[in-house]
Amino acid sequence: MSVLDLSIKELQEKLNNKDITVTEIVQAAYDRIKETDDDIQAFVTLNEEEALSQAKALDEEGIDENQFPLFGMPIGIKDNIVTKGLRTTCSSQILSNLDDPLYDATVMQKLNSAKAVNIGKLNMDEFAMGSSTENSSMKVTRNPWNTDFVPGGSSGGSAAAVAAGQVPFALGSDTGGSVRQPASYCGVVGMKPTYGRISRFGLVAFASSLDQIGPLTRTVEDNARILEVIAGQDEMDSTSANVDVPKYRDALTGDVKGLKIAVPKEYFGEGVDEEVQSSVRQALKVLEEQGAEWDEVSLPHSKYAVAAYYMIASSEASANLARFDGVRYGKRAENAEDMMDMFKKSRSEGFGEEVKRRIMLGTFALSSGYYDAYYKKAQQVRTLIKQDFDQIFEEYDVVLGPTAPTTAFKIGDQIDDPLTMYANDIMTIPVNLAGVPGISVPCGFHSENNLPIGLQIIGKHFDESTVYKVAHAYEQATDHHKQKPQLGGAK
């Protein structure tokens, strides 16, 4: 058993008892990466020299869990979160030479203050645009449960690294399911907090009204602990909310008696794998046995979520990515005839096909004569989706369903079919449109391919505590989260 299989609490107990050092923990992470990353391809940049130097300094300093809640804990960071002095590329060629960023994202400042150790940067779909991590310009990350399959996306590197035991925890970003869907595919825990719960300062923007950073971990308790550290209002992000951050671990009581669960019938419709449905219904039985109550409900406008999302997200992406022009930073095309030619060549050479597709769609949707018909209409649908959730939450505590309609698909199966690829996020997208929190926890394995299945629990605005309570109660009553992949095959 690796020390990286231990929880944060267990690792810190060993540090307190001097059974282990921070240096040994960090070195174990790099040893595991060297052992497995040729197969998984999760990391794009390692921070080994700096991390080991930091670990040595922490060993000399001594642990203080109360003051530094992530003392000595190794963590991987999705490569769209800016890290001072450490290469940040968004897995795009247009940023492939951004080797020395000048500042840290707010979440990195918080992790540094908590004495966490940044192991390195994790692969992703380019600019977070994708559901499989096949859109990375750096490499294709593979699912640790079976390396013929995708890990999900866009935070596929983060989910794969945690599932493979390379790091015990990682940060991802979630715009339409990019933390929860790969968590489902890789059999780990992934939380997308309420929009505004975590500062987006230093998160390279894809769709600013949808993006949210979230943690990926092996257990619900570890996930709650990390959110306690990285959440909170930030003067550098005007969309971050002035809402108190509770101690989420206090909600992990295991008591869900009397809790009311809504189960949308739309989440069990055509296209949702029968074994996925069966695993989620079995999870409902587990919670029912613990005293929770559930009813079938309807979220009638959720069927329009994918279309509305891709219109809104692409429109915001076309505006956000306009800054990448080869002038101020990033890759600049050579042999340009003039300034306009330099713009065109830099962007044409720097962006991949999926990014170009979304920029073109978004530019069209925002153009004169089409704004009302497309972007404005999508925002109106977004309001209806949010109102559906608001109505449900007047009577129920959480909404429960599958995280994704299927388990992971094979590498190459959907990359040339963007509409099918987009449909993989049909369960997660409504959560981002409504701005509410959602978590994915493992709830079983498919009998045909032995790949993980994810259970999604959705909560009210800024009520991550209840989401964690339900997720933890379910986790403690099952053992799916205890399963570990053997790389290249089944569990």
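**Notes on the predicted model**

1. Just after helix H7, Gly232 adopts a positive phi of about 130 degrees. Helix H7 itself spans residues 220-230 and is mostly covered, ten of its eleven residues being buried. The buried residues of H7 include charged side chains by name, among them Asp222, Arg225 and Glu228, as well as Val220, Ala224, Ile226 and Leu227.

2. The UniProt record, an unreviewed entry, places the feature "domain: Amidase" at residues 24-467. Over residues 24-467 the chain is 36% helix and 14% strand.

3. Which residues does the UniProt annotation "active site" cover? According to that unreviewed entry, they are Lys78, Ser154 and Ser178. These residues are spread over 101 residues of sequence, yet they cluster in space, with a largest C-alpha distance of 11.0 Å. From this set, Ser178 belongs to the lining of the second largest cavity.

4. Ser154 lies in the loop between strand S3 (117-122) and helix H5 (156-163). Is Ser154 buried or exposed? Its relative accessible area is 0%, and Ser154 is therefore buried. The side chain of Ser154 makes a polar contact with the side chain of Lys78, at 2.7 Å. Leaving aside neighbours within four places in sequence, the contacts of Ser154 also include Asn123, Asp125, Thr133, Ser173 and Ser178.

5. Ser178 is found in the loop between strand S4 (169-174) and helix H6 (180-186). With a relative accessible area of 6%, Ser178 counts as buried because the value falls under 20%. The side chain of Ser178 reaches the backbone nitrogen of Ser154 at 3.0 Å. Beyond neighbours within four places in sequence, Ser178 is in contact with residues including Lys78, Ala128, Gly130, Ser154 and Ser173.

6. Thr133, one of the contacts of Ser154, is placed in the loop between S3 and H5. Thr133 is buried, with a relative accessible area of 0%. A polar atom of the Thr133 side chain lies 3.4 Å from the backbone nitrogen of Gly156. Not counting residues up to four places away in sequence, Thr133 touches Lys139, Val140, Thr141, Pro151 and Gly152, among others. Thr133 and Glu65, which are 68 residues apart in sequence, are 35 Å apart in space, C-alpha to C-alpha.

7. Rolling a probe the size of a water molecule over the atoms shows where empty space is left. The count comes to four cavities of 30 Å³ or more. About 70 Å³ of space lies in the largest cavity, whose lining includes Trp145, Cys186, Arg218, His481 and Lys484. By class, the lining of the largest cavity has six nonpolar, three polar and two charged residues.

8. The second largest cavity has a volume of about 50 Å³. Ser178 is in its lining, together with Ala128, Gly130, Ser131, Gly176, Phe206, Tyr309, Tyr310, Arg358 and Asp425. Four of these lining residues are nonpolar, four are polar and two are charged. Ala128 and Gly130, both in this lining, are also among the contacts of Ser178.

9. About 400 Å³ of space lies in the largest pocket. Of the 17 residues that line the largest pocket, Val82, Tyr103, Val204, Arg323 and Tyr329 are the closest to its centre. The lining of the largest pocket divides into eleven nonpolar, three polar and three charged residues.

10. The second largest pocket has a volume of about 260 Å³. Its lining is made up of 22 residues, with Asn135, Glu353, Glu354, Arg357 and Ile415 nearest its centre. Helix H10 (339-350), helix H11 (353-366) and helix H13 (418-423) are the elements that give two or more residues to this lining. Which element gives the most to the lining of the second largest pocket? Helix H11 does, with four residues. By class, the lining of the second largest pocket has seven nonpolar, eight polar and seven charged residues.

Definitions and conventions. Residues numbered from 1 in each chain as written. Predicted model: local features only at pLDDT ≥ 70, side-chain atom pairs only at ≥ 80, totals over all residues. Heavy atoms only, no water. 1 Å grid on protein atoms, 1.4 Å probe; cavity = no way out; pocket = protein on both sides within 12 Å on 5 of 7 lines; lining within 4 Å. Points joined across faces, edges and corners; volume = space filled by probe spheres on them. UniProt positions renumbered as here; feature names shortened; annotations may be inferred. Buried < 20%, exposed > 50% of the residue type's maximum accessible area, 1.4 Å probe, protein only. Contact = heavy atoms within 4.5 Å. Polar contact = N/O pair within 3.5 Å; in protein donor to acceptor, adjacent residues only side chain to side chain.
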